[in-house]
Amino acid sequence: MSSSVDDSHEPDSVAIFDEGYKQGSIYCNPTVYERGELQSLTTLTSDQVLLAHVLSSRQGCFVHASGIVIDGQGFLFVGHSEAGKSTMLKMLRNHGEILCDDRIIVRRWPEGFRIHGTWSHGELPDVSPASAPLRAILFLEKALDNQLIPIEDNKEKLGLLLSHVVKPMVTADWWEKTLDLAEKIVHEVPIYRLQFDKSGQVVEVLKQLT
């Protein structure tokens, strides 16, 4: 995989990995590294481009979501930009450990699904490498009140989830593994619409799940 300004230019970065993503070589203009203070291993748009492929081989994926651990349970708040992912964590920050407010890893382990914090934050700088069993996935909707609405239809759940999965340089192999993972998630993890306002009363609503 490679990174360049557009298809008409030679790539400015190239990463070559073996099939299992256990070993790889990254080629890049050395002057970029000489400046130091890099926020990325590769100077590609994001290291997620590489790690998303690694995760797909290990029953995991990146989700455009914020996450928090409350009473040992992981909650995933899913939404596109401006959906309220950071706002939700601000209201919950005194009730648990914030993992990240913009990118969360969801991974299937023998005991079930867990969420894992990442470094790729948005508005809030709070991040943690911690993880927790995934208690629920909550798709955020700003509203005038606070309520949980279960989503029952698996087709609807699958469509919503896939629209928020962070996509790398997509390959057929990645899609096959990610679709299989997403189907397992929607069958095994409770999924809701979470309607909320900014009063903070959503905390009482979430206590129904803890």
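How many disulfides does a search of the whole structure find?

1. The search finds zero disulfides. The model is a predicted one, and the count covers the whole structure. For reference, a disulfide is a covalent bond between the sulfur atoms of two cysteines.

2. Cys100 is among the residues in contact with threonine 118, which is taken up next.

3. Threonine 118 sits in the loop that runs between β8 (112-116) and β9 (131-142). Although a loop residue, threonine 118 is buried, because its relative accessibility is 4%, under the 20% cut-off.

4. The side chain of threonine 118 has polar partners in the backbone. One of its polar atoms is 2.8 Å from the backbone oxygen of arginine 103. A polar atom of this side chain also lies 3.2 Å from the backbone nitrogen of serine 120.

5. Beyond its neighbours within four places in sequence, threonine 118 touches Phe62, Leu99, Cys100, Arg103, Ile104, Ile105, Val127 and Ser128.

6. Helix α4 spans residues 154-162, and its buried residues are Lys157, Leu158, Leu161 and Leu162. Viewed down the helix axis, these fall within an arc of 120 degrees, so they line one face of α4. The elements they pack against are β9, α5 (172-188) and β11 (191-196).

7. The N-terminal end of α4 is capped by aspartate 153, with a side-chain oxygen 3.2 Å from the backbone nitrogen of lysine 155.

Terms used: Residues are numbered from 1 along each chain as its sequence is written. This is a predicted model: local features need pLDDT of at least 70, side-chain atom pairs count only at pLDDT 80 or more; totals for chains, interfaces and linings use all residues. Side-chain values use heavy atoms; hydrogens and water are left out. Helices (H or I, at least four residues) and strands (E, at least two) are DSSP runs, numbered from the N terminus. Buried means under 20% relative accessible area, exposed over 50%, partly exposed in between (1.4 Å probe, protein chains only). A polar contact is a pair of N or O atoms within 3.5 Å; within protein, one must be able to donate a hydrogen and the other to accept it, and residues adjacent in sequence count only if both atoms are side-chain atoms. Contact means heavy atoms within 4.5 Å. The arc is that of the directions from the helix axis to the C-beta atoms. A disulfide is a pair of cysteine sulfur atoms within 2.5 Å.
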